[in-house]
Amino acid sequence: MIIEARNVRKSFGALPVLQGVTFSVEKGEALTIIGISGGGKSVLLKHLIGLLTPDAGEVIVGGINIAGLTERQLLPVRRQFGMLFQGAALFDSLNVEDNVAFILKRERRFSPAEIASRVEEVLDVVGLKGIQKKWPEELSGGMRKRVGLARAIIYRPDILLYDEPTTGLDPMAADAIDKLIMRVVEQLKVTSIAVTHDMRSARRIGRRILMLHQGRIYADQTPEQLFQSSDPVIHRFVNGISDAQEPYDL
Amino acid sequence: MTSSAKQFAFDWLSGLGRGALMCRDIATSICKAKPVWRDVLYQIYFIGVKSQSVVCVTGAFTGMVLCAQTYLEFHKVKMDTATLAVVSVGMVSQLGPVLTGLMVAGRVGAAIAAELGTMRVTEQIDALRTLATHPIDYLVVPRFLATLLVMPLLTAGSICVGIFAAFLVGTWLLGINPTYLWYNMIHYTNMDDVMTGMIKTFVFGGIIAVIACDKGMNCPAGAEGVGRATTEAVVYSSITILISNFFLTLVLNKFLV
């Protein structure tokens, strides 16, 4: 077991977001977490890498409970992770090469030639060869996400986290990102956890799907089981059917 | 106590607590993680070199107006040649550090808060954390060290330009004897005044960096949040400089003079 969340609870002010989330992820697994917008998916993902601290419960990463660690103690734990953010979160003040090579340059373990070669290699993996000198503002949404993915995989992490990888992209760009995620999981043999409300994407990139509903794990199934489920909550969410009385409260 | 007064007191105390924790984190970072001097150098260029013109112009016109005003009063009691001494002592121990602090708070404090605030709302600071980089090490420490290093230099520049400008106004415009003017300035400005000014400006540099970084790193979401963080960084650091200047003057005069 590489990650385990045990009864994780989190509230923002008076608003409870996670109300006892428990699940575990095996090494090499491709997991997708689905749920409504604002339902706490990204909050849950941020707990797994220690960007947020739970009010109660434990988050175990590689046998260590990271819930009580300080920011500095978390640094070596985070070295196992790569994360792709919803808006890619590229550093505005750095060009593509410096963004992708950020961690390698900070660690000062590689020569400039080795770094340049690694950058070229990962940009090739994400299909963006030769854009090293471009700036983030010159890139489209899809390109930014690919660069964000290149930055996340350059140091070959064990676990990749994706926060809404296809949100805000046109269908073709979303398809390209899905295929890229599947290829990265296949090639690098990493554990992958993606958060999305894009059902097409969830079905393709996850071998197992968790559904977060009202702050708890409502379903933990394979994509086939989930999409054939007769449970009204799952059925309505998966097929995008809203309730006329309560349009967005499943 | 009304609810708004309670809220103000709570905000003030929590801000003070955050500032103290940031100082602790900065000290830990400097001790445990080596500062990247290339980043510090870039910040020295941005904070120091790019602030030079605004600080020198402020110093020059402050010195000039102080000279003219002092002359008008001193002339009545035939003390014209003491004019530059007053300008010098005023600039070295009070006006130089405070005005430089206020100008740097306006230019650099706003820029730091806006840059870090934007990074926070666009998740760039979270991205930094996922890349196993402590935001204090990468974002705060270079700015803090650079501000500490450049503030005394900027202040010294501002003071020199101010005194020189006052000397020109005194001799060319007001017709004061340049030899006596210069002699009195040297005679009445002593090392304690210079030390007072330099210690103050060093403290002001720390205040600007800590408040601006704190406001940026804890910026509320959205464009409005960045705007508010920027405004608060300038206002709070300016007020803190003015208040601490009073207490520093009392304390330093007790120990240095």
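Why does A:K189 count as exposed? A:K189 has 10 C-beta neighbours inside 10 Å, and therefore counts as exposed. Here a residue is buried if 20 or more other C-beta atoms lie within 10 Å of its own, exposed if 12 or fewer, and partly exposed in between, with C-beta atoms placed from the backbone. A:K189 is found in the loop between α7 and β8 (191-195) of chain A. Although A:K189 is not a glycine, its phi is positive, at about 55 degrees. Most residues other than glycine have a negative phi.

The structure is a predicted model, in which local features need pLDDT of at least 70 and side-chain atom pairs count only at pLDDT 80 or more, while totals for chains, interfaces and linings use all residues. Residues are numbered from 1 along each chain as its sequence is written, and chains are lettered from A and ligands numbered from 1 in the order in which they are written.

The confidence values come next. The model scores ipTM 0.88 and pTM 0.88. The pLDDT is the predictor's confidence in each residue, from 0 to 100. Chain A averages a pLDDT of 89, and 97% of its residues score at least 70. For chain B the average is 92, with 99% of the residues at 70 or above. Within chain A, helix α3 (residues 96-100) has the highest confidence, at 95, and helix α7 (residues 171-188) the lowest, at a mean of 84. Where pLDDT is low, the predicted coordinates should not be read in detail.

Chain A contains a sheet. Helices (H or I, at least four residues) and strands (E, at least two) are DSSP runs, numbered from the N terminus. Two strands pair if DSSP finds at least two bridges between them. In chain A, four strands form an open sheet in the order β2-β1-β4-β5, with antiparallel pairing. The edge strands, β2 (15-25) and β5 (64-65) of chain A, each pair on one side only. Strands of a sheet pair through backbone hydrogen bonds, either parallel or antiparallel.

Strand β1 (residues 3-12) of chain A can be followed across this sheet. With β2(A), strand β1(A) pairs in the antiparallel sense over eight bridges. In this pair, A:S11 stands opposite A:P16, and A:F12 has A:L15 as its bridge partner. The two strands β1(A) and β2(A) form a hairpin with two residues between them, and A:G13 in the turn has a positive phi of about 65 degrees. With β4(A), strand β1(A) pairs in the antiparallel sense over five bridges; here A:R9 stands opposite A:A56. Helix α1 (residues 41-48) of chain A lies across β1, β2 and β4 (56-61) of chain A, and runs at about 125 degrees to β1(A). For such angles, axes are lines fitted to C-alpha atoms, for helices over the stretch in contact, and the values run from 0 to 180 degrees between N-to-C directions.

Another loop of chain A, between β7 (159-163) and α7, holds A:T167. Because 17 other C-beta atoms lie within 10 Å, A:T167 is partly exposed. The C-alpha atoms of A:T167 and A:I209, 42 residues apart along the chain, are separated by 18 Å.

Chain B has nine helices and zero strands. Its C-alpha atoms fill a box of roughly 70 × 50 × 35 Å, taken along the principal axes. Of the 257 residues in chain B, 47% are buried. Helix α8 (residues 191-217) of chain B has 27 residues, which at 1.5 Å a residue should span 39 Å; the end C-alpha atoms are 39 Å apart, which agrees. The expected span is 1.5 Å times one less than the number of residues. In α8(B), 19 of the 27 residues are buried, so this helix is largely enclosed by the rest of the structure.

The loop between α5 (124-130) and α6 (135-173) of chain B contains B:A132. B:A132 has a positive phi of about 55 degrees although it is not a glycine. With 19 C-beta neighbours inside 10 Å, B:A132 counts as partly exposed.

Finally, the two chains meet. The contact takes 16 residues from chain A and 11 residues from chain B. Two residues are in contact if their C-beta atoms, placed from the backbone, lie within 7 Å. The side of chain B that touches chain A has three nonpolar, five polar and three charged residues. In this classification, Ala, Val, Leu, Ile, Met, Phe, Trp, Tyr, Cys and Pro count as nonpolar, Asp, Glu, Lys and Arg as charged, and the others, Gly among them, as polar.
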